[in-house]
Amino acid sequence: MNLSALGRTGLFRHAVPESWGGLEDGFSGLLQAHIRLGREYRDPGLVLAAGAHLWGALFPLLRHGDDAQRNRWLPRLVSGQWLGGHAITEPQGGSDPATMTAQAIRCGEGFRLEGEKRYITNVPAADLLIVYARLDEVVSAFVVLKDDPGVHYRQDHTVAACRSAPMGEVVLEGCRLPAGRLLGRPGAGLALIQQALEWERAFIFAGIAGVMEWQLERVIAFSRERCSGDSHLGRHQAIAHRIADMRTRLDTVHLWLRECARLADAGQRLTLASAQTKLVASQAFLESTLDALHILGARGLEEAGGMSAWLNDAAAGRLFSGSDEALKNLIAALLGTGEGYRPGIRTGDDPARRRRNAG
């Protein structure tokens with residue numbers, strides 16, 4: 001299954017206003033659709049590619065594009081006719097905006113982009129990317145099309161995880177863009193990156209939750225069918241406890257996903273909740289995949305089962321959209337400690353109030 005085909009099923013219409021071809025069913029509707037996607041296809045790479053399309057391109061254009069930009073590109077992205085993504089990560093500094101070296105130089109009425117982006121999901125397939133570069137020393141966002149002069153896609157570096165998600169590099173050499181390609185105001189790039197990552201962290205594991213649902217069902221069925229001694233495998237406490245842990249992790253992920261959908265539908269910030277959701281969900285997927293492989297034994301290593309291939313995918317899940325360590329730093333900072341603590345600035349005594357303000 002490719003993203004264009006998914007677009008024709010209406011996957012990208014959820015939480016999008018009817019005026020732009022959407023279903024206007026809110027983020028709760030989007031959440032359920034992506035859980036079904038994971039259950040049906042059981043492909044973390046497909047989930048990652050769909051997330052890059054939505055959170056990297058479609059929603060930034062929906063929220064920050066002007067009427068001309070939205071009229072020109074949104075219908076193609078919502079329908080799946082075009083595939084999108086965003087380009088943040090660079091060869092030397094990773095995805096840290098503070099070390100970003102890609103440059104946007106004012107050139108007449110427009111801009112010239114120079115730089116290199118790496119590990120960009122949906123490249124080389126993407127028709128449109130939101131590319132982040134420094135303009136007058138501050139990060140700004142630009143709409144870049146695949147066929148723009150000076151845009152070169154490459155696949156020199158690949159990763160052994162989420163293999164069905166295209167991933168490559170973008171080289172910008174004298175890439176000239178008209179003024180209308182600036183997304184949002186000049187210097188708004190950091191805010192756009194933060195919002196895109198918040199959405200991605202909040203909902204990227206909705207599809208993975210669907211994968212985990214199938215994973216649990218497969219393990220339970222195996223524990224009933226497989227004989228061990230004079231009883232079924234699940235009769236052993238060591239196996240039953242692992243299955244109980246898998247269910248508890250899955251339910252915890254569902255609770256966090258629903259909380260993010262509730263906040264998003266209420267128009268509230270997701271900064272804290274999305275970081276917590278991604279942290280909990282990525283750890284849960286890896287731990288439950290290890291438990292599933294332990295229970296299934298050699299059966300779990302069979303290529304047809306797909307379970308062993310998920311190990312790399314689950315390990316990658318603890319890196320993309322922010323590593324566990326980066327997310328913990330962010331959570332601590334939002335609570336007024338760690339890197340976020342500034343002596344002499346009061347954070348207040350009410351944790352609930354701080355959470356509301358942060359999230």
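D291 forms a salt bridge with R249, the closest N and O atoms being 3.1 Å apart, where a salt bridge is a side-chain nitrogen of Lys or Arg within 4 Å of a carboxyl oxygen of Asp or Glu. The pair links distant parts of the chain, with D291 in helix α7 and R249 in helix α6, 42 residues apart; helices (H or I, at least four residues) and strands (E, at least two) are DSSP runs, numbered from the N terminus.

The side chain of D291 also meets that of R242 in a salt bridge (2.6 Å, N to O). Because D291 lies in helix α7 (residues 271-296) and R242 in helix α6 (residues 237-265), this pair ties together parts that are 49 residues apart in sequence.

## About the model

This is a predicted model, in which local features need pLDDT of at least 70 and side-chain atom pairs count only at pLDDT 80 or more, while totals for chains, interfaces and linings use all residues. Residues are numbered from 1 along each chain as its sequence is written, and side-chain values use heavy atoms, with hydrogens and water left out.

## Other salt bridges

By this rule the count comes to 18 salt bridges. In one of them, the side chains of R106 and D136 meet at 3.0 Å, N to O; R106 lies in strand β2 and D136 in the loop between β4 (128-135) and β5 (138-145), so the pair ties together parts that are 30 residues apart in sequence. E116, R118, R154 and E169 are linked in a network of salt bridges.
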